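Hi,

Here is the structure we talked about. Please have a look, then read my notes below.

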Amino acid sequence: MTSNELLMEGVELMFVGMGAVFLFLILLVGCTNLMSWLVSRFFPEQAPVAAAPVRKAPASEPAVDPEMLAVITAAIRQHRSRRAA
């Protein structure tokens, strides 16, 4: 065999392999779509029932403890004073 014949045989083998992979992927996508269609047709999802929203009573206490608010404010002031210096 000459090198030219070997090269042509290699190219032919490459196309056969790539064609086989391409056909397999097309078959895989087709089967996946078919299974998806079958499942959605014979086992449909039931629509979720929306529950009525529960209203919360307004909190009588503040969301943040006043002492915690003072600590946070002091920390912010300290951080800003260090950053400005």
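Predicted model: local features only at pLDDT ≥ 70, side-chain atom pairs only at ≥ 80, totals over all residues.

Residues 13–35 are 100% helix and 0% strand. The unreviewed UniProt entry lists residues 13–35 as "transmembrane region". That annotation may be inferred rather than shown by experiment.

Next, Phe42. This residue belongs to helix 1, which covers residues 3–42. Its relative accessible area is 53%, and the cut-off for exposed is over 50%, so Phe42 counts as exposed. Arg41 places its charged end over the Phe42 ring, 5.8 Å from the ring centre. Phe42 is also part of a nonpolar surface patch, together with Leu34, Trp37, Leu38, Val39 and Phe43.

What about aromatic pairs? The count is zero. The criterion is ring centres within 6.5 Å.

Now the loop. Pro53 sits between helix 1 and helix 2, the latter being residues 66–84. Is Pro53 buried or exposed? Pro53 is exposed, because its relative accessibility is 76%. Gln78 is 25 residues from Pro53 along the chain. Their C-alpha atoms are separated by 43 Å.

Best regards

Key: Residues numbered from 1 in each chain as written. Heavy atoms only, no water. Phe/Tyr/Trp six-rings, centres within 6.5 Å; stacked < 30°, edge-to-face > 60°. Lys NZ or Arg CZ within 6 Å of the ring centre and 35° of its normal. Helix = DSSP H or I, 4+ residues; strand = E, 2+ residues; numbered from the N terminus. Patch = residues over 30% accessible without salt bridge, like charges linked within 9 Å, V, L, I, M, F, W, Y side chains within 5 Å. Areas by Shrake-Rupley, 256 points an atom, 1.4 Å probe, with all protein chains shown as cover. Salt bridge = Lys/Arg side-chain N within 4 Å of Asp/Glu carboxyl O. Buried < 20%, exposed > 50% of the residue type's maximum accessible area, 1.4 Å probe, protein only.
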